[in-house]
Amino acid sequence: MKGNVSKEQYVLSVIQKAYDKGQQGDMDTDKMIDWLKQELQTGYALTQSRKAL
């Protein structure tokens, strides 16, 4: 259960960062989607590498 909470917190923090960047005018929708995909893939890859250790 603890792992799910931290994953959810990570996803929510990434979404919040994207929203904040959008509010600042730094991103249009396409850039935001690309940025979100990259951030979430990076986070997933880090999680997988930690499990491998």
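The protein chain here has 2 helices and 0 strands, counting DSSP runs of H or I with at least four residues as helices and of E with at least two as strands, numbered from the N terminus. This is a predicted model, so to speak: local features need pLDDT of at least 70, side-chain atom pairs count only at pLDDT 80 or more, and totals for chains, interfaces and linings use all residues. Residues are numbered from 1 along each chain as its sequence is written, and side-chain values use heavy atoms, leaving out hydrogens and water.

- The chain exposes about 4500 Å², with carbon and sulfur atoms supplying 55% of that (Shrake-Rupley, 1.4 Å probe; for residues, only the protein chains shown count as cover).

**Core**
- The largest nonpolar core has 5 residues: V14, A18, M27, W35 and L36 (buried Ala, Val, Leu, Ile, Met, Phe, Trp, Tyr and Cys joined through side-chain atoms within 4.5 Å).
- Helix 1 (2-23) and helix 2 (29-52) each put at least two residues into this core.
- Skipping neighbours within four places in sequence, V14 is in contact with W35, L36, E39 and L40 (heavy atoms within 4.5 Å).

**Nonpolar patch**
- On the surface, Y10, V11, L12, I15 and L40 form a nonpolar patch with about 400 Å² of accessible area together (residues with over 30% relative accessible area and no salt bridge, nonpolar side chains Val, Leu, Ile, Met, Phe, Trp and Tyr joined within 5 Å, like charges within 9 Å; a salt bridge puts a Lys or Arg side-chain nitrogen within 4 Å of an Asp or Glu carboxyl oxygen).
- Helix 1 gives the most to the patch, with 4 residues.
- I15, found in helix 1, is partly exposed at 44% relative accessible area.

How values were computed:
Buried < 20%, exposed > 50% of the residue type's maximum accessible area, 1.4 Å probe, protein only.
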